[in-house]
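Here are some notes to read with the model open beside you.

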Amino acid sequence: MRGKKVMFVGDSLSLNHWQSLMCLLHAAVPGATTSFSRNQDLSTLFFQDYKVSVMYYRSTYLVDLVKKSDGVALVLDSIQTGNAWIGMDMLIFNSWHWWTHNGNSKPWDYIQVGNQKYNDMNRLVAFSKGLSTWSDWVDRNIDPTKTKVLFQGISPTHYNGNDWNQPGAKSCAGQSQPLSGSTYPGGSLPQDGVVKSVLSKMSKPVTLLDVTLLSQLRKDAHPSAYSGDHSGNDCSHWCLAGLPDTWSQLLYAEMVL
């Protein structure tokens with residue numbers, strides 16, 4: 001990895017993954033001189049001895065959120081921040097977590113596609129449109145001989161015990177063991193199908209870092225009530241060190257291929 005630039009682009013699940021990789025790299029070279037910087041949406045850890053930059057660019061939807069005179073628009077066919085992503089040796093994209101937000105937790109007032117405005121839209125349809133805009137951006141702007149692109153698969157939540165054959169469980173609270181075997185009772189996720197469909201139509205190579213099933217089996221690996229950042233039980237993010245370390249091991253294997 002000497003001399004490489006690696007950037008995660010996405011939501012707080014990307015942040016989870018970025019933090020995990022930073023910890024693993026630092027553990028491998030504990031005496032390395034590092035520096036850290038943050039500038040608006042971009043955070044960078046630089047390993048000075050190795051000239052390696054590991055970056056996180058916060059972009060919750062990948063497509064644009066634009067403040068306009070009539071409110072904040074989620075623009076499904078626009079990516080204006082992509083220039084910050086160019087020039088990397090590796091890009092790891094992720095999105096989905098924010099597409100489900102409603103009410104006061106959603107950061108937009110309406111959805112826009114072209115000149116058409118919508119008060120709301122089926123979120124899987126919106127996700128598909130936004131992800132298709134991202135895929136078009138990659139196809140137009142990325143040179144695969146210089147930049148390797150990955151998409152982190154859908155990171156599941158555990159708020160319904162029916163999904164893992166424990167009807168009495170209303171969250172991940174108190175879960176201390178992973179599921180055994182390699183089949184998740186709740187089955188596949190429709191948003192996972194959207195990701196795979198969009199990736200299959202791209203002209204540039206993108207590797208799917210398929211973490212969905214292995215993460216579904218880890219109902220025990222969430223911060224639960226001990227997050228410190230969220231009220232109630234956080235059953236969508238992951239403990240560090242924990243499951244994102246497995247994601248990072250898979251990612252590192254892709255790095256050195």
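1. **Ground rules.** This is a predicted model, so bear in mind that local features need pLDDT of at least 70 and side-chain atom pairs count only at pLDDT 80 or more, while totals for chains, interfaces and linings use all residues. Numbering runs from 1 along each chain as its sequence is written, and side-chain values use heavy atoms, with hydrogens and water left out.

2. **The largest pocket.** Its volume is about 360 Å³. A pocket here is an open set of points on a 1 Å grid over the protein atoms alone, where a 1.4 Å probe fits, with protein on both sides within 12 Å along at least five of seven lines; lining residues have an atom within 4 Å of a point. The volume is the space filled by probe spheres set on the points, which are joined across faces, edges and corners. By type, the lining splits into 14 polar, eight nonpolar and two charged residues.

3. How many salt bridges does the structure hold? There are six, each being a side-chain nitrogen of Lys or Arg within 4 Å of a carboxyl oxygen of Asp or Glu. Side chains of opposite charge can pair when their charged atoms come close. One of the bridges joins Lys 148 to Glu 254, with the closest N and O atoms 3.0 Å apart. This pair links distant parts of the chain, 106 residues apart: Lys 148 sits in strand β10 (residues 148-152) and Glu 254 in helix α5 (residues 243-255). Helices (H or I, at least four residues) and strands (E, at least two) are DSSP runs, numbered from the N terminus. Glu 254 is buried because its relative accessible area is 19%, whereas Lys 148, at 27%, counts as partly exposed. The cut-offs are under 20% for buried and over 50% for exposed, with partly exposed in between (1.4 Å probe, protein chains only).

4. **A bridge within a helix.** Lys 196 and Asp 192 form a salt bridge at 3.3 Å, N to O. Both belong to helix α3 (residues 190-200), where they are four residues apart, about one turn of the helix. Asp 192 is buried at 8% relative accessibility, and Lys 196 is partly exposed at 38%. Asp 210 joins these two in a network of salt bridges.

5. Arg 123 pairs with Asp 120 in another salt bridge, the closest N and O atoms being 3.0 Å apart. At 13% relative accessibility Arg 123 is buried; Asp 120, at 38%, is partly exposed. Arg 123 also turns up beside His 101, which is in contact (heavy atoms within 4.5 Å) with Lys 106 and Arg 123, leaving aside neighbours within four places in sequence. His 101 is in the loop between β7 (90-93) and β8 (110-113), and its 17% relative accessibility makes it buried.

6. **Two positive phi angles.** Gln 40 has a positive phi of about 55° although it is not a glycine, and Ser 224 also has a positive phi of about 55° without being a glycine. Gln 40 is in the loop between β2 and β3 (42-47) and is exposed at 76%. Ser 224 is in the loop between α4 (212-216) and α5 and is buried at 9%.

Key. Nonpolar A, V, L, I, M, F, W, Y, C, P; charged D, E, K, R; others polar.
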